[in-house]
Amino acid sequence: QVQLEESGGGLVQAGGSLRLSCAASGSIYRINAMGWYRPAPGKQRELVAIINSGGSASYADSVKGRFTISIDNAKNTVYLQMDSLKPEDTAVYYCTANVWESRYTYRDNWGQGTQVTVSS
């Protein structure tokens, strides 16, 4: 079983910055990718950013140029640097980790979520 511990959410004014962290622990054989999702109208969750263990990253169009995702493979930790925050970025941000728990067991894992609130 894999546990994800998120941190870094909070309240910030528009134009400000926050840095989210998510550390994975437990039964980890190898991590494929880690990322962040948030709720969106008409969807359960939308992808904000995701990065694989090799460092290749993808972003939602709405955050390109403002958010930067990075991964520390040695610490099994993903970071999301959020700059130039806008009120519409307000959401609960959920960490996800796509993990091989053994050579034969693959699982998508989710964190509890961390609240980000951007005031105008």
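Searching the whole structure, which is a predicted model, turns up two aromatic pairs. Rings of Phe, Tyr and Trp (its six-membered ring) pair if their centres lie within 6.5 Å, and planes under 30 degrees apart are called stacked, over 60 edge-to-face, and the rest tilted. Tyr-37 and Trp-110 make an edge-to-face pair, 5.1 Å centre to centre with 65 degrees between the planes. Tyr-37 belongs to strand 4 and Trp-110 to strand 10 (residues 106–110), so this pair links distant parts of the chain, 73 residues apart (strands are DSSP runs of E, at least two residues, numbered from the N terminus).

| Charged residue | Ring | Distance to ring centre |
|---|---|---|
| Arg-19 | Tyr-79 | 4.1 Å |
| Arg-45 | Trp-110 | 4.5 Å |

Now for the inside. A nonpolar core is a set of buried Ala, Val, Leu, Ile, Met, Phe, Trp, Tyr and Cys residues joined through side-chain atoms within 4.5 Å. The largest one has 29 residues, and Met-34, Trp-36, Leu-80, Met-82 and Tyr-93 touch the most other members. Several strands supply at least two residues each, among them strand 1 (2–7), strand 4 (30–40) and strand 8 (77–82). Strand 9 gives the most, with five residues.

Thr-77 sits in strand 8 and is buried, at 7% relative accessibility.

Zooming out, the protein chain has eleven strands and zero helices. Of its 120 residues, 41% count as buried. Its C-alpha trace spans about 50 × 25 × 25 Å along the principal axes.

A few ground rules: residues are numbered from 1 along each chain as its sequence is written, and side-chain values use heavy atoms, with hydrogens and water left out. Local features need pLDDT of at least 70 and side-chain atom pairs count only at pLDDT 80 or more, while totals for chains, interfaces and linings use all residues.

How values were computed
Buried means under 20% relative accessible area, exposed over 50%, partly exposed in between (1.4 Å probe, protein chains only). Helices (H or I, at least four residues) and strands (E, at least two) are DSSP runs, numbered from the N terminus. A charge sits over a ring if NZ of Lys or CZ of Arg is within 6 Å of the ring centre and within 35 degrees of the ring normal.
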